Amino acid sequence: MIGAFVGIFEAQFSQCFWAHEEAALGLWTDCGSSLQVALLDMNKTEAESLMQTLTKQYGQERLLFLHCDVEQEEQVKAAFQKTMDTFGGIHILCNNAGILNESTWEKMISVNLVGVIRATYLVLEHMNKLKGGQGGVIVNTASLAGIGPLVSCPVYTASKHGVVGFTRAMSAASALSGYGVRVNCLCPGFVQTGLFSNIPARLGPFSHLKDGTQLLVEKFGIVNMSQVVEAFFELVTDETKDGAALLVFQQERKYMPAVSVTD
Ligand SMILES: NC(=O)c1ccc[n+]([C@@H]2O[C@H](COP(=O)([O-])OP(=O)(O)OC[C@H]3O[C@@H](n4cnc5c(N)ncnc54)[C@H](O)[C@@H]3O)[C@@H](O)[C@H]2O)c1
């Protein structure tokens, strides 16, 4: 799991992550009897405190923290290799690292979109059945902004549309090539995390449009982190889901169909 220490997944990790262990392990024949999780993140301080709590609860042998910046190819490569060496395989990748800052828009594309592509290509080296892997599932965290435009955040919108487009095309490419790897994406509405705090400052040249964002928050509501984690596991464990973009709102979740360009 990349980008795991603060925000959407942190609070839920100890509460409901392991509730899905059995269903996740049932997907592959070469898995052991317990879920093992490598947490890759660039935030060392948060990582150390969360790891202390988690290892007390679940045991050191099931968890691994690896300092990793998704902008750095060698760090991502080394982190996957360390995960392979420690746990013996990788079956699920969650590409969750993301930032929101319209002022540093090139960095945002680099983390939110290029980071997802980089980690996907690197993990396929281990998952791809044509390369000796056991297959697997990749879940990319996109956003509501990956389905429709957030007018106050044009580049965040572009990065998340990119994630949705990459997910759909990569899923089809993987299926047609026989990789044995499903690729899906999560599109949560608004979630109360660090990324969602201090919004006007994150909008850069569009901070004057902050009220429009607030109206959308009022319209769609705030999604509970647990709803996002439940949706994540639906995409992991439902083997019919491949190339899916799952929109997660407070009141409902729904699959967003892609427009076909082949018919
Ligand atoms: N909060 C929301 O309203 C919301 C809504 C939809 C989608 N999302 C997406 O969910 C994902 C998680 O966001 P969040 O709200 O939990 O934000 P957050 O800022 O609370 O957490 C993001 C995590 O990504 C890590 N990260 C950032 N840059 C990184 C890098 N270069 N390399 C490795 N790790 C890095 C951070 O250290 C942090 O642990 C993001 O992709 C975000 O775009 C968030």
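How far apart are the end C-alpha atoms of helix α9, and what span should its 13 residues give? In this predicted model, helix α9 covers residues 225-237, and at 1.5 Å a residue it should span 18 Å; the end C-alpha atoms are 19 Å apart, which agrees. The buried residues of α9 are Met225, Gln227, Val228, Val229, Ala231, Phe232, Glu234, Leu235 and Val236.

The protein chain as a whole contains nine helices and nine strands. Its radius of gyration is 18 Å, close to the 18 Å that the globule rule gives for 263 residues, so the chain is as compact as a globular protein of that length. Along the principal axes, the C-alpha atoms fill a box of roughly 50 × 50 × 35 Å. Buried residues make up 39% of the 263 in the chain. Of the contacts with a separation of 6 or more, 73% involve residues 24 or more positions apart.

Two packed helices are described by the angle between their axes and the distance between the axes. Helix α4 (residues 73-87) packs against helix α5 (residues 105-127) at an angle of about 35 degrees, with the axes 10 Å apart, and the crossing of α4 and α5 is right-handed. Helix α4 contributes Glu73, Val76, Lys77, Phe80 and Met84 to this contact, and helix α5 contributes Arg118, Ala119, Leu122, Val123 and His126. Six of the residues in the contact are nonpolar, one is polar and three are charged.

Glu61 belongs to the loop between α3 (44-58) and β2 (63-67). Glu61 counts as exposed because 11 other C-beta atoms lie within 10 Å, and a residue is exposed with 12 or fewer. The C-alpha atoms of Glu61 and Phe87 are separated by 9.0 Å, although these residues are 26 residues apart along the chain.

Definitions and conventions
Residues numbered from 1 in each chain as written. Predicted model: local features only at pLDDT ≥ 70, side-chain atom pairs only at ≥ 80, totals over all residues. Axes fitted to C-alpha atoms, helices over the stretch in contact; angles between N-to-C directions. Helix = DSSP H or I, 4+ residues; strand = E, 2+ residues; numbered from the N terminus. Left-handed = near helix turned anticlockwise from the far one by under 90°. Contact = placed C-beta atoms within 7 Å. Nonpolar A, V, L, I, M, F, W, Y, C, P; charged D, E, K, R; others polar. Buried ≥ 20, exposed ≤ 12 C-beta atoms within 10 Å, placed from the backbone. Expected span 1.5 Å × (residues − 1). Rg over C-alpha atoms; globule rule 2.2 N^0.38 Å.
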